[in-house]
Amino acid sequence: MNGPLVALFGTCLVDMFRPSIGLSAIALLQRAGCRVAFPEAQTCCGQPMFNGGDLKHTRELAKRHIDLLAGYDYVVIPSGSCGGMIRVHYPQLFEVGDPWHAKALDLSRRSFELVSFLVDVMKLDRVDAEFPHRVTYHDSCSGLRELGIKAQPRKLLASVRGLQLVEMDQAETCCGFGGAFSLKFPDISTRLADDKLASARAAEPEAILGGDLGCLLHLAGRLSREGSDTRVYHVAEVLADAADIPPINGLPRNPPEPAKPKLD
Amino acid sequence: MKFSPIEFRSQAEAALRDDTLQAALKRARSGFVDKRAKAVAALPEFELLRAEASAIRADALNRLPTLLEEFEAGVIAAGGQVHWAIDAAEARKIVLDIARCHESCRIAKGKSMVAEEIGLNPALEDAGINVVETDLGEYIIQLAQEPPSHIVAPAIHKTREQVAALFARHHERAELLTELTGIPELVDEARRVLRETFLSADVGITGANFLVADSGSTVLVTNEGNGDLCSTLPKTHIVLAGIEKVVPSMTEVSTLLRVLARSATGQPLTTYTSVFTGPRRAGEDFGPEEFHVVLVDNGRAAMLGSEFRDMLRCIRCGACMNHCPVYGAIGGHAYGWVYPGPMGQVLTPWLLGPERAPDLAHACTMNGHCAQVCPVGIPLPDLIRAMRVREHESHVNHVAERWVFRQWAWWAKRPRLYGWALRKKARWLRRLARPGGALRKLPVWSGWFRSRDLPTPQGRTLRDLMREKLRGSQ
Ligand code: SF4
């Protein structure tokens, strides 16, 4: 195989909560003809410290990952916000003229969020997957506004057999997660989740899909608390034909089985 | 009603529970957002215009001292006077001195955010001067003794019924409660009362949307025409403006007006655009005898030299708050001061000091919608984040948070330990979860668990699965 060499940056939430998203991403990349590597020393991209105003520690983590991710043709991230961190914010961390700035820019140019990478770089226009459900799609803010991800997931979802995408009217409205915001201002955060879910519900979906596990944990957590049976999946799981596992919000009563995404 | 930025949390919580406010917010929000969207869609070159407006404002800030001097010379040449106020106290004193030397007993005031910023009304009232707000929204909240909750629509949080009740009480006509059923009736009632004010006021005070350097003019937009009446009927006209408001000429103003109105209310142009240049000249029938411009610094010059410089581009259109989900959920009063929403989350901690508004910069999800709509391209989320950096560096933020970041970074620099910790945490969370379902509660993150479950980790961490896979393929 001589496709591009792609490093998967899994993100800490995927690593710990839902590795099936990472495995789905790998499957999708491989099917698109990429050689995929998983640099084992990857940890956290530094986004929490960055948004918390702690630039010292952000820079330390950024430098680690800039070095770690050198030497790959591309770096692919199954998250719009971590993708935005590496692609948009890493270069902002260093002064122009600082060698780290040049390195960060180089990494930025090679880094992509998963679905936009598949569509914009690998020119994928369909996937081989089936998900016979009515779904709605949440455009996570960082992906949408920092990386311009809007049409790409829809394009690939349109090729999923049996899937019916019904847009909600507030698809582009923030779900209220916001990382530390969700812990610092739980009441506002929950109100925004409820507004988002009300809009989603009006589309009467069986499942809500999105591209950022942070937002999805927040929405799934709210749905779970309310006892709703609307399921939440990461878009990569659906596109990789791996959404036959319990959704992010879990299944009432059924113990979730360990993830077994299909790998080629 | 008193609000304070330090009470942001409790004010926000109260706002979430206030059903009347919630209804008003919902209505206002969709109104503003839809109207702007329509106006933008109708103007294909809007994005170009936005870029042009950003460049105009950025350029004006680069030349601020020169433009201000030019403006001052222009005002003087037109027969007016310019006063420089370094801070709020000085600005209040200047206005009071002008008002006093006219022994005025009545001031007709147009809407001015700077006047709110410097706390002008209480100062005037303390001096025994009768100030009447003439902008309908400002008039309403003046009667209610509340601060504005939106920079464009100060009484947006009030329902029609609440306004009718206010008028009935303050105009001492109980019948208004039943008579004032529609917006036109409310407007007529306010107009009836305000007309007397215009005719009897000795001094008119207005704000300014722009200061025009080459002519010494001030430009004001209103939808009610009250600004014109405040400026032309009384003997003295005082214009209050922040020093950042100056632009080179009317050419720039015309571009800015096009984005301002569309961004604020979805109008192609605001109903009244008034240009004031000096006092009444010989042979003119209208206009004040005296024309004063009070230029207020109050932290702006310092901002110009800081990383928050871009904030001074702001033309006070309100689009950022109209599109902010947090503002939409809690309304303007929760922010506790004059400037609500994203622009306030930068301005308030800057102008008052972060220790007096420690929560504001954090009450943001970084969704970026504000920056997407800001007509002058202010990178609001970046500035809000920069405010967090400032707080972090000056140790204003919480000790616990600093500790968490330090810990987190320590682990994240040690991949093996980090991997071990993730594995442990995933297992631990799975053990605590109810079978098949999500976590209901943990001894930490009480904020999260108050209203949400935490989805349970699937089991193995991604790094462990990958290591195994590699081993398997060897
Ligand atoms: S920051 Fe931008 S969007 Fe907000 S009020 Fe100022 S000009 Fe308008």
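I will go through chain B as a whole and then turn to one of its residues, Q372(B).

Please keep in mind throughout that what we are looking at is a predicted model, and that the values I quote are computed from it.

Let me begin with the chain. Chain B contains 23 helices and 10 strands, and its C-alpha atoms fill a box of roughly 95 × 55 × 45 Å when that box is taken along the principal axes. Of the 474 residues in chain B, 59% are buried. If we take the contacts in chain B between residues at least 6 apart in sequence, we find that 72% of them join residues at least 24 apart.

As for the surface, the accessible area of chain B comes to about 20100 Å², and carbon and sulfur atoms account for 55% of that. On the side of charge, chain B carries 60 positive and 54 negative side chains, with the centres of the two sets lying 16 Å apart.

Now to the residue I mentioned. Q372(B) sits in helix α18 of chain B, which covers residues 369-373.

What does Q372(B) touch, once we leave aside its neighbours within four places in sequence? The contacts are with R145(A), which belongs to chain A, and with R50(B), in chain B itself. Finally, Q372(B) and A319(B) are 53 residues apart in sequence, while their C-alpha atoms are 9.7 Å apart in space.

Terms used:
Residues are numbered from 1 along each chain as its sequence is written. Chains are lettered from A and ligands numbered from 1 in the order in which they are written. This is a predicted model: local features need pLDDT of at least 70, side-chain atom pairs count only at pLDDT 80 or more; totals for chains, interfaces and linings use all residues. Side-chain values use heavy atoms; hydrogens and water are left out. Helices (H or I, at least four residues) and strands (E, at least two) are DSSP runs, numbered from the N terminus. Contact means heavy atoms within 4.5 Å. Buried means under 20% relative accessible area, exposed over 50%, partly exposed in between (1.4 Å probe, protein chains only). Accessible areas come from the Shrake-Rupley method with a 1.4 Å probe; for residues, only the protein chains shown count as cover. Lys and Arg count as positive and Asp and Glu as negative; His and the chain ends are not counted. The place of a charge is taken as NZ of Lys, CZ of Arg, CG of Asp or CD of Glu.
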